[in-house]
Amino acid sequence: MKKLLTIIAVMFLVGTMTIQAQERKLSAYAIGFYNLENLFDTQHDEGHNDYEYLPDGRNKWSELKYAHKLRNMARVLSEMGTDKLPKIGCAAIGVSEVENARCLADLCNEEPLKARNIQFCHIEGPDHRGVDCGLLYNPALFTVRDVKLVPYLYEKQDDIESGRATRGFLVVSGTLAGEHVTIIVNHLPSRGAVSYYRELGGRQIREVKDSLQKDDPNVKLFIMGDMNDDPRDPSMSVALGAKREMSEVEEGGLYNPFWKIHDSGTGTLRYDGAWNLFDQIILSRNLLDIEGQKDYKSLTFFQPQIFRRDYLFQQDGKYKGNPLRTHAGGVWLDGYSDHLPTLVYLVKAKK
């Protein structure tokens, strides 16, 4: 009886969409990404330059501020995907700029996430500041098979000798809607570095993709992260090879649904009044309905979204309309992040 109730509960967790023209019911899912902008705890991690996020550091980072940051992040994460999947939200969300596993555990213990039993994947990386990527997931929707961290590898000898280690690529394989899915969460080198280093990252992600597809040609891939580049920049369009148009995607290739969104003049972070769209979710070809058949027999990309709520934006002042950050000009704003979240919706025909 208990097993039956569990099965019924999972069935109700999966959203339903109806295509009116065909009167067909579809199960719907959401996959997201969010740069949490410096989710640090208040304790020093040996070997990491986390001093500005200590109680006596530049940001005077206290337990109160940390608690507010957790609450704010949990609010956003729990609401992502609910525009189309009320009370359900995302099956999985990649995150970046997280200091350690403790921060993710504390985050998952916040009530809106705890209520859904949200779990996390994390592997400590080599970044000198200590910020890592992670993956939050709802175990009622997404089952984790394997987790690994593929290191970012420098090619130039002076970079190797300088010890400029940075975030690697968190690769999480699992099952969604009965299908093999792998999510690659990334945070490529910042704009403080020249394009070469992000292009190098793009090529390495492509190698990870190729390896995964060699192991299982049917695996459905989501490559997500703060790329620190826009969709048309060389790291994404050339090194990684993510295309603007579905019709351009070759067998084994990639599609970037956020390219056209950025072309429309919007994005996920704002600099000098202009929008960049660094936060992307890129899809493997086998997630696309390129021919427009709309049979949805397997997981199929439905549409992308930049997640917006009024509370995520500054409402007045010089930076009105910008994402509301945690800090600005040394002042604690009790905000969210300098990035907006992104997500993609997927559908699959019910049997």
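The legends below cover an overview and several close-up views of a predicted model.

Residues are numbered from 1 along each chain as its sequence is written. In this predicted model, local features need pLDDT of at least 70, side-chain atom pairs count only at pLDDT 80 or more, and totals for chains, interfaces and linings use all residues, while side-chain values use heavy atoms, with hydrogens and water left out.

**Figure 1. The whole protein chain.** Eight helices and 18 strands make up its secondary structure. Helices (H or I, at least four residues) and strands (E, at least two) are DSSP runs, numbered from the N terminus. Along the principal axes, the C-alpha atoms fill a box of roughly 60 × 50 × 40 Å. The radius of gyration is 20 Å, which agrees with the value near 20 Å for a compact globule of 351 residues. That radius is taken over C-alpha atoms, and the globule rule is 2.2 Å times the number of residues to the power 0.38. Of the 351 residues, 55% count as buried. Buried means under 20% relative accessible area, exposed over 50%, and partly exposed in between (1.4 Å probe, protein chains only). Among contacts between residues at least 6 apart in sequence, 70% join residues at least 24 apart. A contact has heavy atoms within 4.5 Å.

Figure 2. Helix 2 covers residues 63-79. Its 17 residues should span 24 Å at 1.5 Å a residue, and its end C-alpha atoms are 24 Å apart, which agrees. The expected span is 1.5 Å times one less than the number of residues. Buried residues of helix 2 include Tyr66, Leu70, Met73 and Leu77. Lys65 and Lys69 are buried too. Gly81 follows the helix, with a positive phi near 90°.

**Figure 3. Helix 6.** This helix runs over residues 195-215. Its 21 residues should span 30 Å, and the end C-alpha atoms lie 31 Å apart, which agrees. Among its buried residues are Tyr197, Leu200, Gln204, Ile205, Val208 and Leu212. Arg198 and Lys209 are also buried. An α-helix has 3.6 residues a turn, so residues three or four places apart point the same way.

**Figure 4. Thr182 in strand 8.** Which strand holds Thr182? Thr182 sits in strand 8, residues 179-187. Thr182 is buried, at a relative accessible area of 0%.

**Figure 5. Two exposed loop glycines.** Gly317 lies in the loop between strand 15 (300-306) and strand 16 (327-328). Its relative accessible area is 58%, so Gly317 is exposed. Gly317 and Ser78 are 239 residues apart in sequence and 28 Å apart in space, C-alpha to C-alpha. Gly330 is in the loop between strand 16 and strand 17 (331-332). At 67% relative accessibility, Gly330 is exposed.

Figure 6. Asn38 is in strand 2, residues 24-39. Its phi is positive, near 65°. Asn38 counts as buried, at 11% relative accessibility. Asn228 lies in the loop between strand 9 (220-226) and helix 7 (234-240). Phi of Asn228 is positive, near 55°. At 9% relative accessibility, Asn228 counts as buried.
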